[in-house]
Amino acid sequence: YAGAAIAVRASHPGCGLGWNTLAAIGLVESEHGTIDGSAIGPDGIAAPPIIGVALNGKGVAAIRDTDRGELDGDTTWDRAVGPLQFIPATWVVAARDGNLDGVADVQNIDDAALAAAVHLCEVGGDLTVAGNWIAAIAAYNNDAAYNNRVADAASHYAGLRG
C-alpha cells in the first residue's frame, strides 16, 4: 500500500493519498487478501483468486455483466474481483502494473493497490480535503457504512485511533 501511495504521487502530485487509506480499503474489501481462505503469495497474487458475490441486486447493487465473464467468470452479473475488489468495468479503466512485471493483474496486490490509488486520486482530486476523500471512497463503494468502516480503519492505521 505504501508503494502505491508513493507511486501515485508522481502521476497525481496534488492527490495527497495516504497509504493508510489503501490499507483500509484492503482490510474492508478482503481482509488484506485473506478473505474466504485466500492468501497473498510471495508473488503478490491472491490464491485462490478472490471473486465476490454476484452483483444481482439482492442485498447488493445490480450490475449486469460488463466483461463477458473474463475477470469474474460470470456472464450474467458482475462480481468484484481481487484483493481490492474491483468491478470489471472499473478495472478496465484503472488497471495498473504496480509490480512492474509487464502485466496488470487484478489478483496481484501491488497492481490492485496502484489501480485503487489512481482511481481514488482521479475521482477525488486533493484527498487531503475531507469532502474529496469522502467522495472518492463513495465512488469506490457508495455506501455510508462502507465509508465509515474505511474511515475508521484508515484512522487506526494512521495511529489516530487505538
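**Contacts first**

I start my notebook with a definition: two residues are in contact when they have heavy atoms within 4.5 Å of each other. I looked up A139 with that rule, and A139 touches H119 and V123, leaving out residues up to four places away in sequence. Before going on, I note that this is a predicted model, where local features need pLDDT of at least 70, side-chain atom pairs count only at pLDDT 80 or more, and totals for chains, interfaces and linings use all residues. Residues are numbered from 1 along each chain as its sequence is written, and side-chain values use heavy atoms, with hydrogens and water left out.

I found A139 in helix α5. Helices (H or I, at least four residues) and strands (E, at least two) are DSSP runs, numbered from the N terminus. I wrote the cut-offs beside that: buried is under 20% relative accessible area, exposed is over 50%, and partly exposed is in between (1.4 Å probe, protein chains only). I also checked A139 against Y157, which is 18 residues apart from A139 along the chain, and their C-alpha atoms are separated by 21 Å.

Next I picked T21, which sits in helix α2. T21 is buried, at a relative accessible area of 4%. Leaving aside neighbours within four places in sequence, I see T21 in contact with L120, W133, I137 and A154.

**The nonpolar core**

I then went to the largest nonpolar core, and here is what the term covers: a set of buried Ala, Val, Leu, Ile, Met, Phe, Trp, Tyr and Cys residues joined through side-chain atoms within 4.5 Å. This core has 34 residues, and L17, F86 and L120 touch the most other members. Two or more residues each come from α1 (2–11), α2, α3 (88–94), α4 (109–124), α5 and α6. Which element gives the largest share of this core? I noted α4, with 10 residues.

Not counting residues up to four places away in sequence, L17 touches A5, V8, L22, A117, L120, C121 and L127.

**Aromatic pairs**

A pair of aromatic rings is described by the distance of the centres and the angle of the planes. Rings of Phe, Tyr and Trp (its six-membered ring) pair if their centres lie within 6.5 Å; planes under 30 degrees apart count as stacked, over 60 as edge-to-face and the rest as tilted. By this rule I get three aromatic pairs.

W19 and Y157 make a tilted pair, 6.0 Å centre to centre with 45° between the planes. This pair links distant parts of the chain: W19 is in helix α2 and Y157 in helix α6, 138 residues apart. W19 is partly exposed at 39% relative accessible area, and Y157 is partly exposed at 25%.

F86 and W91 make an edge-to-face pair, 5.2 Å centre to centre with 65° between the planes. F86 counts as buried at 1% relative accessibility, and W91 counts as buried at 5%. I also noted that ring pairs link F86, W91 and Y140 into a cluster.

**Backbone notes**

Most residues other than glycine have a negative phi, and most peptide bonds are trans.

- E31 has a positive phi, near 55°, and is not a glycine. I found E31 in the loop between α2 and β1 (39–40), partly exposed at 45% relative accessibility.
- R68 is a residue other than glycine with a positive phi, near 55°. R68 lies in the loop between β3 and β4 (79–81) and counts as exposed at 70% relative accessibility.
- Which residues does a cis peptide bond join? I wrote down A47 and P48, with omega about -10°. P48 is in the loop between β2 (46–47) and β3.
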